[in-house]
Amino acid sequence: MPVSSSGEDEDKPLKSLTRRNNHVIDLDEDDDYEDTPLKEVKVRKRKAETAKKPRKKVKKEKKEVKKEKEVKKEKKVTKEKKKVTKKVKKEVKKEVKKEVKKETSVKQDPGKDSDSQSDVYRWWENEDELEGEIKWHTLQHHGIIFPPEYKPLPKRVKLLYDGKPVSLPPSAEEVAGFFGAMIQTEHAKNPVFQKNFFHDFLEVLKESGGSPEAEIKEFEKCDFSLMYAHFEKEREKKKALPPQEKRRIREEKAKLEEKYRFCLLDGRKEQVGNFRIEPPGLFRGRGAHPKTGKLKRRVYPEQVTLNLDEKAHVPSPPRGHNWGEVRHDNTVAWLAMWRENISNSVKYVRFGNNSTLKGISDFKKFEKARALKDYIDAIRIDYKKKLKSELMLDRQIATATYLIDVFALRAGGEKSDDEADTVGCCSLRYEHVFLKPPSTVIFDFLGKDSVRFYQEVEVDKQVFKNIRIFKKSPKKPGDDLFDRLDPSILNKYFSSYLPGLTAKVFRTYNASKTMQEQLDLIPNEGTVNEKVVRFNAANREVAILCNHQRSVTKGFEAGVQKMNEKIEEMRWRKTRLKRMILQLDKKEKKKRPDYFAEIDELPIEKEKEIVERVLEKDKERDEKWSLREKQKINWEKKSITTEEYEQRLKTLEEDKKKRKVKYEEKHKQLKGETKNHKYDLSSSMTVEKLDGQVEKLEERIANTNLQLKDREDNSTVALSTSKVNYIDPRLTVAFSKKFDVPLEKLFTKALREKFAWAIESADEKWRF
DNA sequence: ACACGGACTTAGTATAGTGAAC
DNA sequence: GTTCACTATACTAAGTCCGTGT
């Protein structure tokens, strides 16, 4: 399309308009901002005015083009096949080389049995694995598991419309059920969710012939509560199943899935990650996603493409169906794919996290981040210089790089209108950044997954000035802060330093670097538990850097209070023990005044409160116990004789009485104790013994305190994301070895498998 | 040169599993 | 042995980035 007339320019995407000209920016930054060259203002203005409209226009056009493309698809497929064969030829040489290597490695390691741990392929000992774009030479697998067909609900479980039960065709009932199962969740209260769900529900209803009883038109008249109740009951039923039955069901399922769990890659058994097709349901988009609540439709084999080697046996599709396509592309790392209907994107069945291919790319990722070590100084010097560049583009690049480097922002690609409005560095807008002179910047925006990024931070003086320039009038809310940038421009700049260097590498680098620094601060002393807490604290620093958040679990507040009460109780017990010591030997107080000082720190009111609580708990416990016992007896009522039943009830009553007596004794004793602080001590009790008990309690208190603090600090921070994705696992392995902390305390089983390469290759001296 | 989509990583949450506390 | 609360895993949404075709 020619770009001559201004009318057509209006319809062009924004970025292309501005990117063409590298305007010289206002140098006199100190600072009459209105002094911007006229030309630039004009361009910006037009951009600002057209900001919203053309975006949408472009999108619409895109959609129409999409349809045409689908027609062309067939041609494309044949083309792709050609492409693949070409690639394969290109790599033939390497292939031969690899085969040779493989044989030798097999020879080196004979007599291994196929099922044991030693079977793990040690790819990290084979340098050749790290090059080339060929991912595999042979690949066999058993395909994928489809979700079970829909089973209609019992007749009595109906949707109520306008108060009256209505029957629905199975496919429509299924969709209604998806919503019905969710009515207690936040999603179901979201108007967008409701609207999208209802729209798609009506669509399915129409497709399937509608309801005979009523024409369903209004969401407000639908009552899903019968459905909800039904699902709840089913859930309860399932939960109440006897353990052995649960186990049986689980094992049966596992057996059925067994063959899908694994595939054969270059002859080696490797785990498959997600071997199940995603079941239909309502799309749970995060944040303010415009499509949230839409029906995610059932996927059929006809929509599925399998990927395996040419000679591999093609797993048979479910009865009465055919695979959409069978492909043999050894340049990719997926076993099957399908297209989902929400945003028409592709979903893949991929290898497990402990697989060779995932391991290799993980390893490469961290090595790339480590390579950045050698360039980061130069990069930083350059961007500091460039912050003052005369070219607007360069200033923006420098400023963005600063933000990515210092605040670990993501690249921030452009998003379309039918996704949640979230941003990263390049897509930051006017309203996301506030300036607070002299040099404080407040970031407030929604990042990936609509997680809020809020930070009030001190920034480099020049960065502050630049942002002020980037926000200068006529820019207004809704406009891009970096109007000359997108991730590809930034990444091109990065790769001029180091091929393959991109924005996300900075995140990995700074995360692992931070972890290394934090670990270096930890003294090699204390218990294993203390070291783990310190490790987690280091981990937490990284998580905060990356803004990895999680929502507080609903029982959190109560849990903290409970723990605090527990600590109080232990302190009280300790005080009590110390009083006993003094009762045994008054002279102790003079010998160790500090030791006994805490006795006076416990006000009598507080003590009474604690004692009350302890007794209350005892009582509750007894009550619960007797209730449970009774239930147990009633459960077995049918399988025992009446006599036996009576007998057991009688024993229960007796036991209850015994407990009550015991409780009352204790009650009396504690009450008395709190009054006069006199204790019944057995004649064999000694100061030493009591000292020992105090020490133990002190340990427990310290431990619980540590745990509590850890828990509070972690309540809104997700440690796992950085542990899994950003912190070089060799750091953790080195820490484990150097500090004698069992790796199991730092890595779960899944992570130990995922990071087998790191566990094998790092010693206590390893550094990022 | 650039829009697009494919392929892959990164992310929070729902749920299953588990082990400590009673 | 049961419950409860947390932890680990499963799931799938939502990013990044690159190659490709136009």
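**The surface around DNA strand C**

Analyst: A backbone N or O atom of Ala503 sits 3.2 Å from a phosphate oxygen of DNA strand C. This is a predicted model. Two elements each give two or more residues to the surface near DNA strand C: α15 (503-520) and α25 (749-754).

Ala411 also reaches a phosphate oxygen of DNA strand C through a backbone N or O atom, at 3.4 Å.

Of the atoms of DNA strand C within 4 Å of the protein, 97% are sugar or phosphate. The rest belong to bases.

Around DNA strand C there are 29 residues. Those that come nearest are Arg286, Lys347, Gly412, Lys415 and Arg711. By class, the surface has 15 charged, nine polar and five nonpolar residues.

Now the sheet that includes β12. Four strands form an open sheet in the order β10-β9-β11-β12, with mixed pairing. β12 (346-350) and β10 (325-327) are the edge strands, each with a single partner, so one side of each has no neighbour in the sheet. From one strand to the next, the twist averages 20°.

Asn307 has Arg327 in β10 as its bridge partner.

Notes: Residues numbered from 1 in each chain as written. Chains lettered and ligands numbered in written order. Predicted model: local features only at pLDDT ≥ 70, side-chain atom pairs only at ≥ 80, totals over all residues. Heavy atoms only, no water. Pairing = 2+ DSSP bridges. Axes fitted to C-alpha atoms, helices over the stretch in contact; angles between N-to-C directions. Near = heavy atom within 4 Å. Polar contact = N/O pair within 3.5 Å; in protein donor to acceptor, adjacent residues only side chain to side chain. Nonpolar A, V, L, I, M, F, W, Y, C, P; charged D, E, K, R; others polar.
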